[in-house]
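This report covers strand pairing, cross-links and ring contacts, together with the confidence of the coordinates. The structure is shown first.

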Amino acid sequence: MKKIIGLAAASLILTSGCATILTEETHKINVTTTNGETTTVTVDGMSQTVPGVVTVKKENKDKVLVADDAKCTDVNLNKEVESAFFINILSGGVFGSSTDYGSDKMWKYQDSVSVPCK
């Protein structure tokens, strides 16, 4: 019985991705404006009010936070590799890291950005 449990645990570790298990499908970004005023931004086709927390879907691509107000400038959101992915390379090897890559959960964006406004 102990061998079966051990084998099941080893299989789970080798075939699953750390970032896939430990992170969400979305990333929350704290967004402020340089003038402190409230404005609306659009990302992933959804408008959200800032200052505040903006939620974006994790994907293998950079995104743009589009300022809806003409006084404000758009902000680039650059994808970065989630730190849990690097742990997975060491522990899960090829199987785990390919799972993370396939699920797009290995990516994240900046934790906070400021929208330049006049």
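How many bridges join strand β5 to β6, and do the two run parallel or antiparallel? In this predicted model, β5 (residues 63-67) and β6 are joined by three bridges and run antiparallel. Within this pair, L65 is opposite V75 of β6.

Both strands belong to an open sheet of four strands, ordered β3-β2-β5-β6 with antiparallel pairing. The edges are taken by β3 (46-50) and β6 (75-77); each has a single partner strand, so one side of each lacks a neighbour in the sheet. On average, neighbouring strands of this sheet are turned by 30° against each other, direction ignored.

The structure has one disulfide, between C72 and C117. C72 is in the loop between β5 and β6, while C117 is in the segment after β9 (112-115), so the link ties together parts 45 residues apart in sequence. The link is right-handed. Its geometry is as follows.

| Feature of the C72–C117 link | Value |
|---|---|
| S to S distance, C72 to C117 | 2.1 Å |
| Angle about the S-S bond, C72 and C117 | 110° |

Turning to the rings, the search of the whole structure finds zero aromatic pairs. W107 does have a charge over its ring: the charged end of K79 sits 4.6 Å from the ring centre.

The average pLDDT of the chain is 81, and 68% of the residues score at least 70. Residues 11-17 fall below 50, although this stretch has 16 contacts in the model beyond near neighbours in sequence. Where pLDDT is low, predicted coordinates should not be read in detail.

Methods:
Residues are numbered from 1 along each chain as its sequence is written. This is a predicted model: local features need pLDDT of at least 70, side-chain atom pairs count only at pLDDT 80 or more; totals for chains, interfaces and linings use all residues. Side-chain values use heavy atoms; hydrogens and water are left out. Rings of Phe, Tyr and Trp (its six-membered ring) pair if their centres lie within 6.5 Å; planes under 30 degrees apart count as stacked, over 60 as edge-to-face and the rest as tilted. A charge sits over a ring if NZ of Lys or CZ of Arg is within 6 Å of the ring centre and within 35 degrees of the ring normal. Two strands pair if DSSP finds at least two bridges between them. Axes are lines fitted to C-alpha atoms, for helices over the stretch in contact, and angles run from 0 to 180 degrees between N-to-C directions. pLDDT is the predictor's confidence in each residue, from 0 to 100. Contact means heavy atoms within 4.5 Å. A disulfide is a pair of cysteine sulfur atoms within 2.5 Å.
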